[in-house]
Every structure is written in C-alpha cells, then in structure tokens.
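This briefing goes through one protein structure, topic by topic. Keep the sequence and the 3D view open while reading.

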Amino acid sequence: MSKHIAIVGAGPGGYVAAIRAAQLGARVTVIESHALGGVCLNWGCIPSKALLSVVELGDKVKKSEDMGLLVQGPVTYDLAKMVARKNKVVAMLVKGIATLFKTWNIEQVQGRGSLRDRQTVTVTSADGATRDIQADAIVIATGSSWPNLPQFPIDGQQVLTSQHLLELDRIPVSLLIVGGGVEGCEFAALYSGLGTEVTIVELLPRVLPLEDEDISSTMERELKKRGVTVLTGNSVEKFDRSPTGIAAHLKDGTQVTAEKLLVSVGRGLNSAGLGLEPVGVQTGRRGEILVNERMETTVPGIYAIGDVVGKVMLAHVASAQGKVAVENIMGHEAQVRYDVIPAGIFTLPEIGRVGITEQQARERAQAAGQNPDSSVTVGRFRYAGLGKAQATGDTTGLFKVIAESPGGKILGVHIIGAHSADLVHEAALAMQVGATVTQMAEMIHAHPTLSEGLMEAAEDVEGKAIHQIRSKRS
C-alpha cells in the first residue's frame, strides 16, 4: 500500500517535494492558501529577474554605439509593459506546476492548513469551511513572509515591501531602500537602471555584509557608478510622511527624502498558526521549526522544509530539503549538504558564490590554531583579462577562489560579473566531488569563454595564472 503524504505549502520546497513523492509512488495532497510556486515564483525570484533582464538589455543598448551598433534616440522604459510581461512569465510557470501536478495525480487543495493531530491537517478555505485530510506523513513548507516592523509600518503606497515594488506601473522619481542586503541591492540595480534616484541605507559597514569583502566592495563601487547613493554604517531613526513622499531622518543627522521607501530588512518565518505546539512540534528562538538531518521535526512523521526551518533561506535549498524529506518518508536515506550550496545574487552585475568567504576561512584557520597567512590561499582573476569578456563588452567583474594550504581543498568561490550565477556551478560541482584547486586549474576550459576566468583564478592560487601580470610572489 502506498503512503499518503500531505504537504502544507506549494512554494519551491512544497511543490518539488510533492512531485518527488509522487515519483516514488506516494499519494500526495498539497494544501496551499495562495498560489502555486509560493513567494519565489509569484512575488520574488522570478518576477524580479524578469524586470531586471529588461534593464540589463537597456544597459547593453546604452553602450552599443561604442561597439558599432547605432540605435536612434535614448533608452526609455515602459514599466507597465514590463510588469505585464513579468505577469505573463509568472502565469506561464504557475500553469506549468499545475500541469505537473495533474500528470503526477497530485491533489491540490486551496486553503490554509494547520495540524489537528500527528496525522491530520485541517484545511480552512477562504469562506471559512473546513476539511480534514489524514495522511501517513506531513510535510510543512509554509516559507517566510515580509517583516511587519513597528518602525516601518507598511501602507503599500509610500512604505513598501518588495512585493509592492514589483507591481508598480509608474517609475518613481526617488526611492529610499532600508537595508543593503541581497534584496536591497537587487532593487537598487533595477530602479536605478529605470532612472529612479536611489538611496540605500545599511546599518553595517558595507552593503552585502554577508558576502566576501572583495565582492561586496566591487558591488558598492558598481552601485555608485549607476548613480546609487550608498550610506553604510547608518540607520533610519524615524521618518515623516507627506502627500509628496517620505522624509527619513538618519542616525548621523542626515535627512533623505524620497517618493517611496522600500523596507528590505529580514523576513519572518511562517510558523505561527500551524498548530505546532499542541501536537508537540518544537520551534526555536526565531520561530523556526526544529528538524534533524532527515528534515523530520521533533514529532515522528511530521517533517518541515524551506524557509520555515530557518537554515539557508534560498529557493533551491527548499527544493533540496523537500526531496530529502520525502525520500526519507518513503524509506530511502537522504541528507542535505549545507557546505556546498551555490547561490546567485541578481544585481547588475550579478554575483555567484559557493562555500565560505576569505574572512571566514581565516577565522576558521585561526580557531584551529593555524596561521591564516600560510594555511589560506587566495587566487583572483578579473573579467577584463578574458578574451570573451573583451569581445562582448562584459569586462566588469572578478573571480575569486579560496583554498586550503597544503592540500588545495577548495573552501569557497566568489564571482561578480556577467553570468556569474551560472558560472559558479562548476565550482560547486568541484567542491561536491572533492576536487582540489589544482585539479580545477588543470581542467582544460574552452576558449573563448567566461569560465576560463575560474581556471585562471584557480591557477592564481599558486601564482600560475597565464593571463595575469607577474606579481612579486612569482
């Protein structure tokens, strides 16, 4: 007899888990209160990339004359048409998930799910009607949501979340972004490209504070080139609203005025209202659902995946966790490898990374009683040194490889530049299979390609990059 698995949430964790479970022979019911694909597909990853792709195209057109392509008139944007196209892309992908569900005989139930007991999910529909779904195992995949911070009350008109910003049909004259993390930098790139006067206020000393320092500093420089005002080591203490916009008062006494304000500070975990405590499912300090390496909660038979477990809040991690959860439910052994997770940041230029930063590598070496200067080696190579980058005009960027010495174990790879979110997967695979930095350097790379930059950066770890100016250590 096949198992019946109930999955609460149909984001990139829930819907992927559902399909994998069906592939393994389970009967699957998915409960979703909003739309298939969750935040990522409907109000996050995909919509923002659809809009950013237009600005990226506009950037290329703006420099096309230098390359010999003559385009008459200035580059202008029709935001309403961009948003309409974005909505079509989203609708097509949502329809695609529905089709996959149909082909795998996955039942979809509309409504909000909560635990009644260890094997029952109560679904409450929009009209208040309830239905109980009994299952052999339950997977919670409810994700995260935009924060509701008292100091930044969201009104959807002047004080916005990223969801609101993705639905604007008119380009704002000015935009203040509170938070210089991934989301803040992506929207700064997008709206500065559209012609909006953008200001970022970041509490920490640099934008993208969790990224490698070389990547962060490059990103800050590129944002400033785009006309973005970057105010780091600062915060918004209070702000005033008026019919014309926002007047924000910063910690250092500066005042910033803007038509719109984007709150881009953290996300809240969607664990409240799920009936966890009465059933015995434990949560942590932030409200994260506690799970083991099998993605099982403190209650046998109840699993949790994605943002709501508070580990690595990325769509593809949620998908991986979803596969692991249902593999274990169906009697297979599976775990997530958190040490090799590639990630992309879709700024202009974009960023790809996997593994730890140089600072983290040095701190780890020091904690182990080693000399960071001798046990951590770094190789770098700039996009400008690549024939392909020169030919296509994509010369802004940097490849950085961090390795352990001796042995050449790859600890981290960080890339900023064209197509970096795609390029980083070669490094992720190398780390996954345990390839050394020497093996990466010795692998023959096709010419001319951007991926040669990764080979050159790996060679530079040992001071052997061919297209690098000779350094003093050579």
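This is a predicted model: local features need pLDDT of at least 70, side-chain atom pairs count only at pLDDT 80 or more; totals for chains, interfaces and linings use all residues.

Leu175 has Lys260 as its bridge partner in S16.

- Strand S10 (residues 174-178) and strand S16 (residues 260-263) run parallel and are joined by four bridges.
- Both strands belong to an open sheet of five strands, with the order S9-S16-S10-S11-S12 and parallel pairing.
- Which strands stand at the edges of this sheet? They are strand S9 (159-160) and strand S12 (229-232); each has a single partner strand, so one side of each lacks a neighbour in the sheet.
- H6 packs on the sheet and touches S10, S16 and strand S11 (197-202). The direction of H6 makes about 165° with that of S11.

**Helix H6**

- Helix H6 covers residues 182-194, which is 13 residues.
- From its first C-alpha to its last, H6 reaches 19 Å, close to the 18 Å expected at 1.5 Å a residue.
- Is H6 mostly covered or uncovered? It is mostly covered, with 11 of its 13 residues buried.
- Among the buried residues of H6 are Cys185, Glu186, Phe187, Leu190, Tyr191 and Leu194.

**Helix H3**

- Helix H3 (residues 45-62) has 18 residues, which should span 26 Å at 1.5 Å a residue; its end C-alpha atoms are 26 Å apart, so the two values agree.
- The buried residues in H3 include Pro47, Ala50, Leu51, Leu52 and Val55.
- An α-helix has 3.6 residues a turn, so residues three or four places apart point the same way.
- Leu51 and Val55 are both on the buried list of H3, as are Pro47 and Gly58.
- The cover over the buried residues of H3 includes helix H2 (38-43), helix H4 (79-103) and H6.

**Nonpolar cores**

- The largest nonpolar core has 52 residues, and Val28, Leu115 and Ile140 have the most contacts inside it.
- Helix H1 (residues 14-23) gives the most to this core, with five residues.
- A second, separate core has 35 residues, including Leu79, Leu190, Val198 and Ile200.
- Leaving out residues up to four places away in sequence, Val28 touches His4, Ile5, Ile7, Ala18, Ala21, Ala22, Asn105, Ile106 and Glu107.

**Lys400, a buried lysine**

- Lys400 is found in strand S22 (residues 397-404).
- Why does Lys400 count as buried? Its relative accessibility is 1%, and buried means under 20%.
- The side chain of Lys400 makes a polar contact of 2.7 Å with the side chain of Asp212.
- Another polar contact, of 2.9 Å, joins the side chains of Lys400 and Asp214.
- Not counting residues up to four places away in sequence, Lys400 also touches others, including Glu358, Val378, Arg380, Val413 and His414.

**The S13-S14 hairpin**

- Strand S13 (residues 236-242) pairs with strand S14 (residues 245-250) in the antiparallel sense, over six bridges.
- How many residues does the hairpin use to join S13 to S14? The hairpin joins them through two residues.
- One of the bridge pairs is Phe239 with Ala248, which lies in S14.

Notes:
Residues are numbered from 1 along each chain as its sequence is written. Side-chain values use heavy atoms; hydrogens and water are left out. A nonpolar core is a set of buried Ala, Val, Leu, Ile, Met, Phe, Trp, Tyr and Cys residues joined through side-chain atoms within 4.5 Å. Buried means under 20% relative accessible area, exposed over 50%, partly exposed in between (1.4 Å probe, protein chains only). Contact means heavy atoms within 4.5 Å. The expected span of a helix is 1.5 Å times one less than its number of residues. A polar contact is a pair of N or O atoms within 3.5 Å; within protein, one must be able to donate a hydrogen and the other to accept it, and residues adjacent in sequence count only if both atoms are side-chain atoms. Two strands pair if DSSP finds at least two bridges between them. Axes are lines fitted to C-alpha atoms, for helices over the stretch in contact, and angles run from 0 to 180 degrees between N-to-C directions.
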